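Please walk through this protein with its sequence and model at hand, going from the overall fold to helix packing and then to individual loop residues.

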Amino acid sequence: MKLNLYAKLTDKLGRSRNTVERYISNGPMKYKVYTIPKRTSGQRVIAHPAKKLKVIQRALVSVLEPHLKIHHKAMAYRKGLGIKDNAVLHKENEYLLKLDFSDFFNSITPELFINYCMQNDITLSTAEKNLLIKTFFWNKTKKNDGKLVLSVGAPSSPFISNTIMYFFDEAIDKYCITKNITYSRYADDLTFSTPYKNVLFHIPTLVKKQLGIIFSNQITINDFKTIFSSKAHNRHVTGVTINNDGEISIGRERKRLISSLIHKFILGQLDIEHIRYLQGLLSFATDIEPKFKSRMISKYSNQVIENLIKFRGSDEQAN
């Protein structure tokens with residue numbers, strides 16, 4: 001199947017092929033790199049593409065989307081799905097296993113993506129392969145012969161990562177169905193659950209075997225983040241707590257944090273950055289556990305919560 005990528009892309013962009021080719025010729029170098037703290041420890045490297053490159057990335061993704069498969073058990077970066085949906089899949093099962101990929105986006109190379117396209121019977125010319133590579137992949141070392149990888153920060157990276165995982169997701173899910181195991185993948189987080197004891201212990205070996213078959217171990221598991229849990233302990237799926245009654249929750253610690261921050265908001269003790277953080281936490285909590293917002297309204301009043309939700313600038317008052 002030929003996609004005629006350049007014709008469709010230039011039509012969407014309203015630009016000539018020559019203009020696009022000139023711009024992307026050094027596309028992998030057009031990234032601003034910075035770091036942010038990880039949720040637990042260490043720093044995450046963000047490589048943010050230039051504004052014009054982002055426009056081309058988004059347009060090229062829209063050309064590719066109708067032709068590249070994403071497995072239904074890929075729960076991240078898909079419209080209408082989120083971490084709540086991912087957690088709900090596992091809430092009835094007593095036994096849980098969580099696996100995590102190492103440096104996921106930066107492990108995905110042009111070769112993996114081009115191979116995936118070929119496995120989908122998509123015929124690409126040399127120029128089209130170059131278009132995909134120069135548009136979507138970042139030169140991590142900034143050397144002329146530097147390794148190209150997906151960046152954390154490009155709007156196209158989530159789509160590319162989901163597509164190249166299709167055959168892996170399919171193989172793992174098919175196996176799990178035969179063993180009464182529920183499988184889902186949220187970006188680099190893999191979750192397995194089952195009502196039966198002792199059936200999850202062989203899954204890490206199975207996953208590693210499939211990664212070797214499909215990706216020649218370019219994508220690997222971070223063994224330090226492999227976690228087995230059950231109803232005897234707290235079960236957490238992509239930041240959502242599953243209690244022993246099979247209900248999903250944001251967890252006690254997060255509830256205490258939100259309540260504490262609301263109190264500081266009332267006293268005018270939060271700067272804009274922390275107010276934005278609190279707004280995000282409250283939105284997350286409302287989605288996962290709607291009753292929690294009602295409890296905050298009962299504790300602090302509807303007016304305070306509405307003021308918090310609607311807060312937009314430094315000149316506004318917290319109460």
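Helices (H or I, at least four residues) and strands (E, at least two) are taken here as DSSP runs, numbered from the N terminus. The model is a predicted one, in which local features need pLDDT of at least 70 and side-chain atom pairs count only at pLDDT 80 or more, while totals for chains, interfaces and linings use all residues. Residues are numbered from 1 along each chain as its sequence is written, and side-chain values use heavy atoms, with hydrogens and water left out.

The protein contains 14 helices and 11 strands, and its C-alpha trace spans about 65 × 55 × 35 Å along the principal axes. Of its 319 residues, 45% are buried, where buried means under 20% relative accessible area, exposed means over 50%, and partly exposed lies in between (1.4 Å probe, protein chains only). With contact defined as heavy atoms within 4.5 Å, residues 24 or more positions apart account for 70% of the contacts that have a separation of 6 or more.

Two packed helices are described by the angle between their axes and the distance between the axes. The axes used here are lines fitted to C-alpha atoms, for helices over the stretch in contact, and the angles run from 0 to 180 degrees between N-to-C directions. Helix 6 (residues 110–119) and helix 7 (residues 126–136) have axes that come within 10 Å and cross at roughly 135 degrees. Angles under 35 degrees count as roughly parallel, over 145 as roughly antiparallel, 65 to 115 as roughly perpendicular and the rest as oblique, and helix 6 and helix 7 are therefore oblique to each other. Their crossing is right-handed, a crossing being right-handed if the near helix is turned clockwise from the far one by less than a right angle, and left-handed if anticlockwise. Helix 6 contributes Pro110, Phe113 and Ile114 to this contact, and helix 7 contributes Lys129, Leu132, Ile133 and Phe136. By class, these residues divide into six nonpolar, no polar and one charged, where Ala, Val, Leu, Ile, Met, Phe, Trp, Tyr, Cys and Pro count as nonpolar, Asp, Glu, Lys and Arg as charged, and the others, Gly among them, as polar.

The loop between helix 6 and helix 7 holds Asn120, which is buried, with a relative accessible area of 12%. The side chain of Asn120 reaches the backbone oxygen of Tyr116 at 3.1 Å, and, not counting residues up to four places away in sequence, Asn120 touches Met1, Lys69 and Phe167.

Leaving aside its neighbours within four places in sequence, Thr226 is in contact with Leu97, Lys98, Leu99, Pro204 and Ile221. Thr226 and Lys208 are 18 residues apart along the chain, and their C-alpha atoms are separated by 12 Å.

Which backbone angle deserves attention in Tyr77? Phi of Tyr77 is near 65 degrees, a positive value in a residue other than glycine; Tyr77 is found in the loop between helix 3 (51–64) and helix 4 (83–88) and is partly exposed, with a relative accessible area of 45%. Phi of Thr238 is near 40 degrees, likewise a positive value in a residue other than glycine, and Thr238, in the loop between strand 9 (235–237) and strand 10 (240–242), counts as buried at 17% relative accessibility.

Finally, Lys255 is found in helix 11 (residues 252–266), and its side chain is joined to that of Glu289 by a polar contact of 2.9 Å. A polar contact is a pair of N or O atoms within 3.5 Å; within protein, one must be able to donate a hydrogen and the other to accept it, and residues adjacent in sequence count only if both atoms are side-chain atoms.
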